[in-house]
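Here is a short report on a predicted model.

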Amino acid sequence: MPVIDYKCPNCGSSMMFDSATGALSCPSCGRQDNIEQLPDPLKKQVFTENEVQQYHCPSCGADIMTEPETSATTCSFCGSAVVLGDRLIGDLAPDLVIPFSISKAQAEEAFRKWCRNGLLTPAGFMSADRIKSITGIYVPFWLYELHNMVEVYANATRVRSYTQGDYQYTETRHFDVYRKLRLDYVNLPLDASEKMNDELMDKLEPFPYEQLKEFKTPYLAGYIAEKYNYDDEQLVPRAKEKTQSYIDSSVSQSLSGYSSVSYRDKQVNTTVRRTDYALLPVWIVNYDFGQKNYMFAMNGQTGKVVGKPPLSKGKITAWFAGITAVSLLGMKVLAWALGGDFL
Amino acid sequence: MRIYRISLAVITLVMLLGLVLPADTTAATTSGSSKKLIYDQADLLTPQEEQTLSQLASNYAPQHQTDFIIYTSNNPEGRDVQLMTEDLYDRKAFGYNQPYGNAVILTMDMYNREVYLAGFGTAEHTLNNSKLDKIRSKITPDLAAGNYEAAFTKYIQLSNEYMNYKLGTTPDNLLFKLWFQFLIAVVIGGIIVWIMAARSGGVVTVDRSTYEDSNVSGVLDSYDNYTHTTVTKHKIEKSSSSGGGGGTSSGGHSHSGSRGSF
């Protein structure tokens, strides 16, 4: 039986993860179980890793409709939280999890507040009354520990300028410079889900790593969880790409003080020291506006909202006109201050 | 948020106005109509014209407390036009309300057909060399054509106007052109709104320090070997404005100036 559910030992109701207390709690009788001390049912059961075609809800027996990457969901008939155990074992077993600390109600409130602060969004959007769905998803991420050995050979110059007699002298001192840097990055997150927009997920960072916990299935109770589409090998190029700008900025900082630097040779030797499979909490908000669906993502710990909102042409025009008018007035005042006519 | 920004803009504007207002409020009081301002030794003007110009000069004088002097000479000795101007100032001690005060002098040397414009006192700065150059180039066509009255009128009006402009600017400066002001305003508006639109979808708030393990990361090895030095030199161009550029009279009065022929 690959489907796990969490029956309250007191009353038999389906228990859910409570983002406020961080415990597995029973909505009926109020029982709270500390997840870290709870034996994980996943560890007790033995699954075969065959592709199971159909899952049945242990509470009501209904078919559980899932997408192939879903590893946790709720039964669409009885609402019980279920975890699909065979999608969380073996290679698919997460190492770490950051549980949600923002509840659905708080997420909705935070999203509404974010909408109200949109300076260029249409008025109808700001009222945020067309929220179609708010879904808590544990998005699969790989957390990389990358060790980089960077060696840079460059020609650098220091330029000094001075006047002597009728001549302006420019003195350029040339240097042959070398830098060897060790740059280690830990817990560099990269989303491993095909569905999630990479750019959106990058903007959600940073996740509070002090909240990282050893993975246990009860954290997923009541949320959707997905399994990774890309394994840690496949994402190494993206990890390197992501650290590229960090490395470049570290290198140029180590060469500060020179007027110009031209690299002769730059070697970056990257070793992947460690990868952790982590599930990170994201609220996905689907929003209908003007016959279009907009998707926003919210960091389930910090509440940071990302996603392209609709932009109002009218408001853009108004802001543009307003700023232009104020700037023009400023220019007029400046001209007047310098002795010109105001008009 | 929005109201806050607008009010901030208004406050900034009011502060700017406050800085500027006191500058031009000194009222014109004294009139120096009795003073001799025109020395037409070359007889370029009719008495009628002389009267009109003199009236014009004394009307403008209080605004910047500056005398506008016109000096024409046949200069039979062929003296230098700048020296003539300096000597005139030393001898006559021009100045609106005091000897050796503020004065602008136009000297016509009919012998060498040269003209010299000079600013003494505060006019040395409010009418610097480049401003005097501009005025001179604007009146030279009239001087060459013999329209002396028109040229002298323009000289008084332009000198008075240019003294209003601060920081070396003249009305020809782009800053005073409506199209340029409009262009700058549109560019500022465009950039700010573009930034607002670009940031509306959220921005990346992590940098290299977020994931860097600072305990072990850093420079392990480095060298900076000096190899050689190259030196280039170029001659400093002396900023030589076409018509000279002021100096100090034998009486010790420094001035700005512009010189040219007509």
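## Overall build of chain A

Chain A has 6 helices and 16 strands. Its radius of gyration is 28 Å, well over the 20 Å that the globule rule gives for 343 residues, so chain A is more spread out than a compact globule. Along the principal axes, the C-alpha atoms of chain A fill a box of roughly 95 × 60 × 35 Å.

Of the 343 residues in chain A, 35% are buried. Take the contacts in chain A with a separation of 6 or more: 70% of them join residues 24 or more positions apart.

## Confidence in chain A

This is a predicted model. The mean pLDDT of chain A is 86. A value of 70 or more is reached by 94% of the chain's residues.

Helix 1 (residues 41-44) has the lowest, with a mean of 63. Strand 11 (residues 167-191) has the highest, at 93.

## Helix 2 of chain A

Helix 2 spans residues 104-116 of chain A and has 13 residues. From its first C-alpha to its last it reaches 18 Å, close to the 18 Å expected at 1.5 Å a residue. Which of its residues are buried? They are A:Ala107, A:Phe111, A:Trp114 and A:Cys115. Seen down the axis of helix 2, these buried residues fall within an arc of 100 degrees, so they line one face of the helix. An α-helix has 3.6 residues a turn, so residues three or four places apart point the same way.

The face of helix 2 turned away from the buried side carries the exposed residues A:Ala105 and A:Lys113. What covers the buried residues of helix 2? The cover includes helix 3 (123-126) of chain A. It also includes four strands of chain A: strand 10 (131-164), strand 14 (260-289), strand 15 (292-299) and strand 16 (305-306).

## Helix 3 of chain B

Helix 3 of chain B covers residues 81-92. At 1.5 Å a residue, its 12 residues should span 16 Å; the end C-alpha atoms are 16 Å apart, which agrees. After helix 3 of chain B comes B:Ala93, with a positive phi near 50 degrees.

The buried residues of helix 3 of chain B are B:Val81, B:Gln82, B:Met84, B:Thr85, B:Glu86, B:Leu88 and B:Tyr89. They pack against strands of chain B: strand 2 (67-73), strand 3 (103-109), strand 4 (114-120), strand 6 (247-248) and strand 7 (254-261).

Key:
Residues numbered from 1 in each chain as written. Chains lettered and ligands numbered in written order. Predicted model: local features only at pLDDT ≥ 70, side-chain atom pairs only at ≥ 80, totals over all residues. Helix = DSSP H or I, 4+ residues; strand = E, 2+ residues; numbered from the N terminus. Expected span 1.5 Å × (residues − 1). Buried ≥ 20, exposed ≤ 12 C-beta atoms within 10 Å, placed from the backbone. Arc of directions from axis to C-beta. Contact = placed C-beta atoms within 7 Å. Rg over C-alpha atoms; globule rule 2.2 N^0.38 Å. pLDDT = per-residue confidence, 0-100.
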